[in-house]
Amino acid sequence: MSVRSLLLCCILGCAAPAFGQGFAGLGTTADGFATPQLGQVLSFPQDHGPHPDFRIEWWYLTANLEAADGTEYGVQWTLFRSALAPGEAEGWSSPQIWMGHAGLTSETQHFSAERLARGGIGQAGVTAAPFEAWIDDWSMRGDRGLQQLALSAQGDGFSYQLVAKAEGDLVLQGQNGYSVKSPDGQASYYYSQPEYRIKGTVTLPSGPVAVSGDGWLDREWSSQPLSEDQSGWDWFSLRFDTGDKLMGFVLRSKDGVEDFSSGTWISATGEVTPLRSGAFLAQPIAQAEVAGREVPIKWEVRLPGRDVFVVVEALNPQSWMDVAFAYWEGPVTVSGSHTGKGYLEMTGYE
Amino acid sequence: MSRTVLSALFSYWRRHLFQLGALIIGLALATALWAAVQAVNAQARASYAKAESYLAQAEQRSLSATTAPMRVADYVRLKRLGWKLSPVLQGRWRNSIQNLDIIGIDPLTSLQVPGQTPPSSAGGETPLLLALLQPPGGMIMHPETAGMFGSGYDAGFGHLQIIRSEAVPVGLAVVDISLASRLLGSAEQLTRLVLLEDVPLDREKLVQLPAHIQLASMAEAQVDPGSLTESFHLNLTAFGFLSFAVGLFIVQGMITLAMEQRRNMFRTLRCLGVPFVSLLGLLAVEMGVIAFISASIGLIIGHFIAIALLPGVSITLASLYGAQVEHGLSLRANWILSGLAMSFLGTALASAQSFYSLWKLPILLAPSTQARGQQLAGRYGAWALAGLALLAAGSIALMTYGGLLGGFVFLGGLMLGAALMLPFCLWQVLHLGQSLARGALAQWLWADARAQLPGLSLALMALMLALATNIGVGTMVSSFRLTFSDWMDQRLSAELYVTAQDDDQGAALQIWLEGQGHRVLPIRSHELQRQSGPLRIYGVRDDATYRENWPMLEARDAVWDKIAMGAGLLVSEQLARRENLRLGDHLPLPDGWPGEILGIYSDYGNPQGQAITSLAKLLDNAPGAPNRRFGIRLPVEEVPDLINVLMQEFDLKRENLVQQSLVKSRSMAVFNQTFLVTDALKLLTLGVASFAIFTSLVSLWSQRLPQLGPVWAMGVSRRVLALLDILRSLLMAALTALLALPLGLILSWALLDVINTEAFGWRLPMYMFPFDWLRLVLLSLLAAFVAALIPAWHLFRLHPHELLKVFSSER
């Protein structure tokens, strides 16, 4: 999930005229901010908490859930931190800005909500131990590190309360958590917990539904800009029924020629293999009109080295996150050489 | 036929261009003053409406604190309970350029960020939100306000960028809440929390609120500038109306004259078969054309007068009420229409009497002016009674209703009543003069003055109103000026005022200055948000400066000892009047603050309430109160040296070191600017009144030959007659001025004691200025003299055959 959020902050600039200008500066230079260093060892639980000297950071959880009657749902809980200047300060003068996104998707319905807050006053923030990430009345609270999480969020027409239990260790992406983002050497600190068993209740206008399923948490922070010639990205996190997991993304270049792709293969036994650039291939095969624009909602995904040839299809083509910086994010089903479920995020479709 | 008649009617004006000019000028002046005042009022009201609607849309429903201040922690707690809120921190920011009202918003949660696509500021193309949020921050303000700040402001912690936006009312700056908290020195407090959802709040939700926070209605959340400034606009309107009335006297005089002189023409036209109704109709058309031309000229003049007055008005409103008005005058249909309507209405009113008499009097009989004059005189008694009734009604209104409205009703009754009583009083005085006079010529002089009264009475009423207004308003302004200057002497007793760059420097400065043996008076304050509005509490040291000089209106014994012990506080007169507080009352404040009122002091020119307690008490309750401003007591001659030393030692800018004398002269300059409008209107009204006398005398002139002829024939030379004419005019003006004096004094009492107290929240002592009155009386005599000069000159140069004609002609 590394790149998409990084780009999200970049996209903020184009997507939202009101706030975009405010965040546009974030994707351009790294002046005064710390930059990730190769060889830096991540240490926990401290690194579960915020890193205010870096420009951007997020706590990002997605989940594929199912009700007792087999109805499928997708849930998203995200907290972004963006710094106007490095460092933290008490009170209103804090340069930290927090943004929360929550989503709930079924086959026929999609809900999204957004919260914005500033740091320094306690309205939003993250503490490492005991772990808690919150913004307004949304929260993600852990008891021991990130092993167990209690999540809650609500927006117009929906809410959810979930409990997530990790089954497995944290996955350090890239080189021990140092994740290179481009041929130019831009990088971020990046780790994930891809194995959550989740239980809880999602509430729709029709009433509460008990659900259970799997979740994936991404943690990432960085300061460095992305390439200016990229128009958006398509990000996949797929969980195959074999127990293997695939994370892959494609950064679309504006000229459509030099798309950049990368990803990670996580085997059923927990073995983590970074994919070499260009190994992950994704091709749209069907479009749908979403929020007044054409968005691919069916993809052919290939990873020849692992014999993966699958079709990835949106559970609900209209999974549009109608927030200040709008994008598409929702649960997907996988068929073909492998079957399974996952999450798809697509940005930059104007 | 109509064309022929019309051309006959208009031919009169061609031969009497002076009369036509006077008529048009009179009507145009009346319209101009009226329209100007209306334009100024309309502009100001539009500015208020804009400010109000801005605040209304920015505020919607909100939560405000009652017994304890609203804290940031309260906001965060409610947010974490799921309340959809946006915080607002509001206050008055004192700086070295122009004190401003500041609204601090959180752009991340606020629905309203003014001017989201503002024209780029002089600072460059920095995006709005980044400019607001990125330290040190930016200020969004109206281009007019921004003009004072240039491209930015050096706040001591960085260069604040100015973003211009028409969406923000004048005199207000919208900033990010972090900047607001820095500028206002209020890190922990908030003014209110705006509710972002328009859903009804159920009980379950409301019980989550802490005890000191409650849902505020719009009315509580803001002070309406409209109600405060209403009195000022009523004042202006009254001035405008007065000028209009005075202008109408001119018009009335001219129309009467024209009707009188065309009596022969009307008779001829009637004899030629023009129906009476069509004659009247055509006369009405004639008047309509004249009214339209005059109104057009008047509106143009009025527009320019308004442009000239507006800056003064906006300064007045800003300094007295803190209300802001845009300087640029926009054409508005309402004042243009009201100017036109007033012009037509005025013409109709002024000519009604002439039309009526034309209707009533037999066309073939032309009775003497004298006869009609005496008929009119019979009505003076009735007028005087009506005037008395108006006076009584006004007094009753003042006693029963009181307040601003009562005050204005009283003023209206007083002025109109006195005007109505004037002819009766003059009649009686002239009658008395006649009976006391010895010698035929002296008796004739008095009797002739009496005979002239009907023709002059309206002009004299105008003169009296103008004089009384001048005396009344002049006394008020001068009293105000004297009080204000005394008060400044008491209040600004330190020789030098210093503003440090920050609290640390303030502390260092204080230690250094005390080490040098100077007495330092820290000026530290804290703004409390109360339901009735913000209240600034100052903490003062126990120092002889306060004990000896502070302008106390009433106080307990040994008040400064008690203040020093932290036993209570002093409140400003405005606060005391607004909240109906007396000595010994308890001002409801959050816990920890002393509440007992030990004294009330005057605090002119400040629209907000204020209180004083001991420095220790202030710091107990608001330890973070900024420590940057100091008054320094030292021998005056050492001030320049100290300024130099401070600039070098502490790297202070020159504008941060202000000498007492400079503050005083600046304040007086603002004060004088404030009353420029009043002065201008005073002068204009008096000018119009003088013109009214002049036109009345000119119009009387031709009618007076029948009276003068016989006197001349009996051997009084034209020269003596001319001198007597001037003398008579002076006599009338002097009598009128004499009667205007008490009226003016009552007016000034009403203004100072009733209107001001209600409108401004403070009472001013009344001072008498006999030399000003004398000057006014002389001015009115001069006006009467000048007005009488032309008719007298005519008389002096009159060929005897004209006087002889009196005996041959049928008149």
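How many aromatic pairs does the structure hold over all chains? The answer is 22. Rings of Phe, Tyr and Trp (its six-membered ring) count as a pair if their centres lie within 6.5 Å; planes under 30 degrees apart are stacked, over 60 edge-to-face, and the rest tilted.

Before selecting anything, note that this is a predicted model, in which local features need pLDDT of at least 70 and side-chain atom pairs count only at pLDDT 80 or more, while totals for chains, interfaces and linings use all residues. Residues are numbered from 1 along each chain as its sequence is written, chains are lettered from A and ligands numbered from 1 in the order in which they are written, and side-chain values use heavy atoms, with hydrogens and water left out.

**Stop 1: an aromatic pair in chain A**

Select A:Phe44 and A:Tyr191. Their rings are edge-to-face, 4.7 Å centre to centre with 75° between the planes. A:Phe44 lies in the loop between α2 (17–24) and β1 (56–67), and A:Tyr191 in strand β12 (residues 187–204), so the pair ties together parts that are 147 residues apart in sequence. Helices (H or I, at least four residues) and strands (E, at least two) are DSSP runs, numbered from the N terminus.

Is A:Tyr191 buried or exposed? A:Tyr191 is buried, at 1% relative accessibility, while A:Phe44 is partly exposed at 33%. Buried means under 20% relative accessible area, exposed over 50%, and partly exposed in between (1.4 Å probe, protein chains only).

**Stop 2: strand β12 of chain A**

Select residues 187–204 of chain A. Of the 18 residues of β12(A), 13 are buried, so the strand is largely enclosed by the rest of the structure. Two strands pair if DSSP finds at least two bridges between them. Show these antiparallel partners in turn:

- β9 (residues 158–166) is joined to β12(A) by 8 bridges, and A:Val163 has A:Lys199 as its bridge partner.
- β10 (residues 171–172) is joined by 2 bridges, with A:Val171 opposite A:Ser192.
- β11 (residues 178–180) pairs over 3 bridges; in the hairpin that β11(A) makes with β12(A), A:Gly185 takes a positive phi near 100°.
- β13 (residues 207–222) is joined by 14 bridges, and its hairpin with β12(A) has 2 residues between the strands.

**Stop 3: the open sheet of chain B**

Go to chain B and follow the order β15-β17-β16-β18-β14-β13-β19-β12-β20: these 9 strands form an open sheet with mixed pairing. β15 (552–555) and β20 (657–659) stand at the edges, each with a single partner strand, so one side of each is left without a neighbour in the sheet. At the β20 end, 3 bridges join β12 (residues 496–499) to β20(B), and the two run antiparallel. Select B:Val498 to find its bridge partner, B:Leu657.

**Stop 4: the largest nonpolar core**

Select B:Leu453 and B:Trp560. Among the 93 residues of the largest nonpolar core, these two touch the most other members. Such a core is a set of buried Ala, Val, Leu, Ile, Met, Phe, Trp, Tyr and Cys residues joined through side-chain atoms within 4.5 Å. Helix α16 (residues 440–491) of chain B gives the most to this core, with 22 residues.
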